[in-house]
Amino acid sequence: MAARNNYLLIVLDSCRFDSFVAAAPRTILRLGALERRWSYASWTAPSHYNLLMGLLPHASPPHVHASEYYKRDFVRYNQRLGADGIEFKQLLPSLYLPTVLKQRLGYRTHALVSLPVLNPATPINRDFDSFALMPTHNDMAAMLDRLTFDAERPSFYLLNVGETHYPFALPGEDPSTWPHISGVHGIFRHLDAEVVGGRLAEGEALPDFDRAQLDRLRARQIEAVCYLDGVFERLFDLLPPHTYVTVTSDHGELFGEDGYFGHGPIQHDKVYEVPLVEGQLR
Ligand SMILES: [Zn+2]
């Protein structure tokens, strides 16, 4: 079995479906039609594990058994990888996409991640030829310089992009000007802790002051997607032919809806609803 395509799985961390829609990123949407999908998990680590099992955010189809859905969904890797005969059973026994790509299909496998919770010492770093935590959490453009492709062998890249993660800061922005939630203690803890969820206590109202701040945070996530669309323009220019790209998110983000903030220990539609766009440019 041989695969022809390079494959890039690009995860816009925390990017909510409706933030993506509001940003309407023209360049990313050159890949294909926007799909509304659902993440299997509400925060970064389990969600990335799931993605690396080859299971992209699901379409939540009714009247279909889970096993049947996995099988059907997995067949799409033939298109993604430019291969024939890829089936879900080939994931066995590792149930890990990098293992299959590297050991069975001869891929070079790489990960460039922004969030420390995915650092190279974590268990998701398995069967990667290289796996790097970026020096800053919010600089997808810096990843572009590290992409290399080999004419002899196809390459797989996982790119975990952090501009869309709280505090939704662009690379040039002075950290002292980053917004922070005040008056709601313990909600957004230190970024490195990657524990950014929580709910107001029962009966505790969200002050107007914070409402305006949360609206601003949501606007910043949309602005981050608009900014990233420009980075994708540069990315698409440097991709070799036969490269398939999937752009999605690992989970959404709450901006005060029903008393919730952030993501993680939250049971809410908006923490699972994510965008998915994929295709091959040429
Ligand atoms: Zn995340």
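This is a conversation about how to read the features of one predicted protein model.

Visitor: What should I know before I start looking?

Guide: Residues are numbered from 1 along each chain as its sequence is written. The model is predicted, so local features need pLDDT of at least 70 and side-chain atom pairs count only at pLDDT 80 or more, while totals for chains, interfaces and linings use all residues; side-chain values use heavy atoms, leaving out hydrogens and water.

Visitor: How many helices and strands does the chain have?

Guide: Helices (H or I, at least four residues) and strands (E, at least two) are DSSP runs, numbered from the N terminus. Here you get eight helices and 10 strands.

Visitor: What is the order of the strands in the open sheet?

Guide: Strands count as paired if DSSP finds at least two bridges between them. The open sheet has seven strands in the order E2-E10-E7-E1-E5-E3-E4, and the pairing is mixed. At the edges sit strand E2 (35-38) and strand E4 (130-133), each pairing on one side only. On average, neighbouring strands of this sheet are turned by 15 degrees against each other, ignoring direction.

Visitor: Which strands does E10 pair with, and how do they run?

Guide: Take E7 (residues 243-248) and E10 (residues 273-280): five bridges join them, and they run antiparallel. In that pair, Val245 has Gly279 as its bridge partner, and Tyr244 stands opposite Gln280. E2 is also antiparallel to E10, with four bridges between them; there, Arg37 stands opposite Val274.

Visitor: How much of E10 is buried?

Guide: Buried means under 20% relative accessible area, exposed over 50%, and partly exposed in between (1.4 Å probe, protein chains only). In E10, seven of the eight residues are buried.

Visitor: Which strands does helix H2 touch?

Guide: Contact means heavy atoms within 4.5 Å. Helix H2 (residues 44-52) packs on the sheet and touches strand E1 (6-12), strand E5 (155-161) and E7. For directions, axes are lines fitted to C-alpha atoms (for helices, over the stretch in contact), and angles run from 0 to 180 degrees between N-to-C directions. The direction of H2 makes about 160 degrees with that of E5.

Visitor: Which residues of H2 are buried, and what covers them?

Guide: The buried ones are Thr44, Ser47, His48, Asn50, Leu51 and Leu52. Their cover includes E1, helix H5 (97-104), E5 and E7. Just after H2, Gly54 takes a positive phi of about 90 degrees.

Visitor: Which residues are donors of the zinc ion?

Guide: Donors are N, O and S atoms within 2.8 Å of the metal (3.2 Å for Na, K and Ca); water is not among the atoms, so sites may look incomplete. The protein donors here are Asp13 (OD), Asp13 (OD), Thr44 (OG1), Asp250 (OD) and His251 (NE2), lying 2.0 to 2.8 Å from the zinc ion. Along the chain, the donors follow the spacing D-x30-T-x205-D-H. Thr44 lies in helix H2 and His251 in the loop between E7 and strand E8 (254-255), so this pair ties together parts that are 207 residues apart in sequence.

Visitor: Are Thr44 and His251 buried or exposed?

Guide: Both are buried.

Visitor: Which residues touch the most other members of the largest nonpolar core?

Guide: A nonpolar core is a set of buried Ala, Val, Leu, Ile, Met, Phe, Trp, Tyr and Cys residues joined through side-chain atoms within 4.5 Å. The largest one has 30 residues, and Ile10, Leu12, Met140, Phe232 and Leu235 touch the most other members. Helix H7 (208-238) is among the elements that give two or more residues to this core, and H7 gives the most, with seven. Not counting residues up to four places away in sequence, Phe232 touches Ile10, Leu12, Thr27, Ile28, Met140 and Val247. Apart from this core lies another, of 29 residues, among them Leu9, Leu101, Ala111 and Tyr244.

Visitor: How far apart are Trp38 and Tyr272?

Guide: Their C-alpha atoms are 5.1 Å apart in space, yet the two residues are 234 residues apart in sequence. Trp38 is found in strand E2, and counts as buried with a relative accessible area of 15%. Leaving out residues up to four places away in sequence, its contacts include Pro57, His58, Tyr272 and Val274.
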